[in-house]
Amino acid sequence: EFPGYFRCDSIGTGLNYDEMRVYDCPTKGYYTTPEAHDLAAATEAEAQGRPAPAPVDRKTFVPRGELATRGKTVFQGYWQRPDATAAAIDADGFFHTNDLVSLDSKLTIRIIGRAGGILKLAQGEFVSLAAVEEALEEFSLIENCFLHATGLDSFPAAALKVDMVALRARLAETALITAEELEALSDKALLRRDDVHEFVVAQVEAFGKRAGLRGFERPKENLFLTAVDWTADNELLTPSLKKARGNLARQFAPQLNKMLVACRH
């Protein structure tokens, strides 16, 4: 009945005797209806003093959000933990799975991430993406870090906003590039050089080890480097200067996914 849906990132449809509901997840920029998406976008634009963006295309809009379920197969609560039960099961009796999903026209459910930033990797290890980001942002070469991975991956990939002043100073101390080249190259051109990319990879990997990050937490060679500032104006940060994770995912996930897919083979 569903040709082409036998794939490892799809969990099919719900059971007949269970109910499922998908909730908006504003912190990730995911919404279940185009109207909710447009309202959130207009509200954020107003807070930033910008014109409201054009409405999302109703034909291509994909509902996304956090999956919740209730029914006979769903547990009733945590043993002697009413606080944990109240946090996991809402007033309507739906258990919030913390899984972010998308729905297609056949209502097939596809898991695309975790609402709380805790991700189970392919080998069964759990990683807190936000905690690893915070650890890497302590490194002098990194101004901002966004990690991305799925349950099919053994470690994450990272988009890094590089501190170009710090990088140029570090490169000037090496024989990797001449002073004349360093002065002539733009930030963008500098980051495109393979030898500079390899240098940054080695520096980040060494820092990650010093910071105590485990092997599956470190992005290794899977780094996408950018010199473009992350700001509220380009919507990579929220008006309160927190990471706009939904926008960051839309901006960088295609490049990061390409790196991760190559590592699966």
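The second largest pocket is lined by 21 residues, and Pro26, Gly29, Glu44, Asn247 and Arg250 lie nearest its centre. A pocket is an open set of points on a 1 Å grid over the protein atoms alone, where a 1.4 Å probe fits, with protein on both sides within 12 Å along at least five of seven lines; lining residues have an atom within 4 Å of a point. This is a predicted model: local features need pLDDT of at least 70, side-chain atom pairs count only at pLDDT 80 or more, and totals for chains, interfaces and linings use all residues. Residues are numbered from 1 along each chain as its sequence is written, and side-chain values use heavy atoms, with hydrogens and water left out.

**Second largest pocket**
- The volume of the second largest pocket is about 580 Å³, a volume being the space filled by probe spheres set on grid points joined across faces, edges and corners.
- Helices α1 (34-47) and α8 (245-263) each supply at least two residues of this lining; helices (H or I, at least four residues) and strands (E, at least two) are DSSP runs numbered from the N terminus.
- The lining divides into 7 nonpolar, 6 polar and 8 charged residues, where Ala, Val, Leu, Ile, Met, Phe, Trp, Tyr, Cys and Pro count as nonpolar, Asp, Glu, Lys and Arg as charged, and the others, Gly among them, as polar.

**Glycine 29**
- Glycine 29 sits in the loop between β2 (18-23) and α1.
- Its relative accessible area is 18%, so glycine 29 is buried (under 20%; exposed is over 50%, partly exposed in between; 1.4 Å probe, protein chains only).
- Neighbours within four places in sequence aside, glycine 29 is in contact with Gly246 and Arg250, contact meaning heavy atoms within 4.5 Å.

**Largest cavity**
- There is 1 cavity of 30 Å³ or more; in a cavity the probe fits but cannot get out.
- The largest cavity has a volume of about 30 Å³.
- Its lining consists of Leu136, Val204, Glu205, Gly208, Leu213, Arg218, Pro219 and Lys220.
- Helix α7 (residues 194-210) gives the most to this lining, with 3 residues.
- By class, the lining of the largest cavity has 4 nonpolar, 1 polar and 3 charged residues.

**Cysteines**
- The whole structure has 0 disulfides, a disulfide being a pair of cysteine sulfur atoms within 2.5 Å.
- Cysteine 25 is in no disulfide, and the nearest cysteine sulfur, that of cysteine 145, is 20 Å away.
- Cysteine 25 counts as buried, at 7% relative accessibility.
- The closest cysteine sulfur to that of cysteine 145 is in cysteine 263, 16 Å away and too far for a bond.
- Cysteine 145 is buried, with a relative accessible area of 0%.
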